[in-house]
Amino acid sequence: MIPITQPFLPKKDEYQKYINEIWENNWLTNNGPNVRQLEDRLAKYLKIKEMLLVNNGTIALQLAIKVLGMKRKVITTPFSYVATTSSLVWEGCEPIFVDIDPDSLNIDPERVEEALGHGVDGILATHCFGNPCDVESLEFLSESRGKKLIFDAAHGFGSKYKDKSLFEYGDISISSFHSTKLYHTIEGGGIFSKDERWLEKVAFMRNFGHDGSEKFQGIGINGKVSEFHAAMGLVNLNYIDEILLDRKKLSVFYDTLLQHSGVRRPIVSSAGESNFSYYPIIFESERILLEVKKRLEESDIFPRRYFYPALNSLDYVKSQSCPIAEDISKRILCLPMYYGLTESDQEKIAEILLKAL
Ligand SMILES: Cc1ncc(COP(=O)(O)O)c(C=O)c1O
């Protein structure tokens, strides 16, 4: 069986060392030494000043929306994972969907500009598949119009824009460190901002608002990370360069195998650098996609329709038309991509795909 993805697992004894230490310290959660060490090591690795860990990417999104005071309309993309939209709705915001650029598959800044009207608190944009958005246009728009900007960089670990980590941009960027991501802490998420004010507030918010045991700094939630999760992150960080290199190698090999297939690939902007975390391909029609998917599944290979359906069609949002995202989401399929996928697996996938086409 070839699944869409497989979590990376480090050598067991490396993780075991941390587990033994947790047993010795008897410190399981509540901002323990592994969490603090991982925050420092991640900031150094990403060449940023600081970051905060939380228990998943969805909570990271909700904290970002809350701390930036987004309460009303928020402009967002119809082409992302459901958590991008559901977090807005969960926080009481109204998502205003604007369509995507058909090449990058990211939110189109020109359409954002048109939608930036009265009652809009900000923008929530996703770097789809780790492919950087038009960061500068979105930053310019949000700053010049006095709006807040969040980047959902759940897929963005290792991606860059103008040679800097993608997490450096926007008022706040968030990431997911879920097991299916190329860098993971089993479950986990990160919050990034150049503005210390937001991080100081989030540090309270992720721990119920506690400021010591008897005082509170506003409302909070449980966004804490356990020492076991942080330990997985510490060990996995030792492998991240190898994982990123492997992803690039897999992606380049798929490119070679599929060069005459006629399938289309998202385009990375010249200022951006992708982490090759996914391998999405766009077919001419949904009918062809379904046929390819069926043939692969018959051979025990499981690609995934990612992202499908377009988020503007969810039944808990106001109906809004986004023809490009609706069309792409019907025709896009992610091929298996994970550390450990072999060239012969890729050849088998490509052979079935080409035959089906
Ligand atoms: C674009 C995007 N945003 C947010 C999330 C939510 O992250 P988590 O699963 O860590 O809650 C995901 C998860 O896959 C995602 O793909």
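**Salt bridges, strands and pockets of the predicted model**

E91 is buried, with a relative accessible area of 18%, where buried denotes under 20% relative accessible area, exposed over 50%, and partly exposed the range in between, for a 1.4 Å probe and protein chains only. The structure is a predicted model, in which local features need pLDDT of at least 70 and side-chain atom pairs count only at pLDDT 80 or more, while totals for chains, interfaces and linings use all residues. Residues are numbered from 1 along each chain as its sequence is written, and side-chain values use heavy atoms, with hydrogens and water left out.

The partner of E91 in a salt bridge is K66, and the closest N and O atoms of the pair are 2.9 Å apart; a salt bridge is here a side-chain nitrogen of Lys or Arg within 4 Å of a carboxyl oxygen of Asp or Glu. This pair links distant parts of the chain, since K66 belongs to helix α3 (residues 57-67) and E91 to the loop between α4 (82-90) and β3 (94-97), 25 residues apart. Helices (H or I, at least four residues) and strands (E, at least two) are DSSP runs, numbered from the N terminus. In contrast to the buried E91, K66 counts as partly exposed, at 43% relative accessibility.

In total, the structure holds 17 salt bridges. Another of them joins R72 to D121, with the closest N and O atoms 2.8 Å apart, and this pair too links distant parts of the chain, with R72 in the loop between α3 and β2 (73-76) and D121 in strand β4 (residues 120-126), 49 residues apart. R72 is partly exposed at 44% relative accessibility, whereas D121, at 14%, is buried. A further salt bridge, between the side chains of E291 and K294 (3.9 Å, N to O), lies within helix α10 (residues 286-298), where the two residues are three residues apart, about one turn of the helix. Both count as partly exposed, E291 with a relative accessible area of 28% and K294 at 42% relative accessibility. Through salt bridges that share partners, E291, K294 and R295 are joined into one network.

Among the strands, an open sheet of three has the order β7-β6-β10, with antiparallel pairing, two strands being taken to pair if DSSP finds at least two bridges between them. The edge strands of this sheet, β7 (164-165) and β10 (272-273), each pair on one side only. Strand β6 (residues 160-161) pairs with β7 in the antiparallel sense over two bridges, and K164 in β7 is the bridge partner of Y161.

Elsewhere, β11 and β12 run antiparallel and are joined by four bridges, with I332 in β12 as the bridge partner of I282. In a regular strand the side chains alternate between the two faces of the sheet. Along strand β11 (residues 279-282), Y279 and I281 point one way and P280 and I282 the other way, and all are buried.

Two pockets were examined. A pocket is defined on a 1 Å grid over the protein atoms alone as an open set of points where a 1.4 Å probe fits, with protein on both sides within 12 Å along at least five of seven lines, and its lining residues have an atom within 4 Å of a point. Grid points are joined across faces, edges and corners, and a volume is the space filled by probe spheres set on the points.

The largest pocket has a volume of about 550 Å³ and is lined by 31 residues, of which Y81, H178, T180, K181 and Y306 lie nearest its centre. At least two lining residues come from each of α3, α4, β8 (172-176) and β12 (332-335), and α3 gives the most, with three. By class, the lining comprises 13 nonpolar, 13 polar and five charged residues, where Ala, Val, Leu, Ile, Met, Phe, Trp, Tyr, Cys and Pro count as nonpolar, Asp, Glu, Lys and Arg as charged, and the others, Gly among them, as polar. Because domain 1 (12-237) and domain 2 (240-356) both give residues to this lining, the largest pocket lies between them; the domain bounds come from an automatic or database domain assignment.

The second largest pocket has a volume of about 450 Å³, and of the 18 residues that line it, Y45, G158, K160, L244 and E273 are the closest to its centre. Its lining divides into five nonpolar, five polar and eight charged residues, and α9 (240-257) gives the most to it, with four residues.
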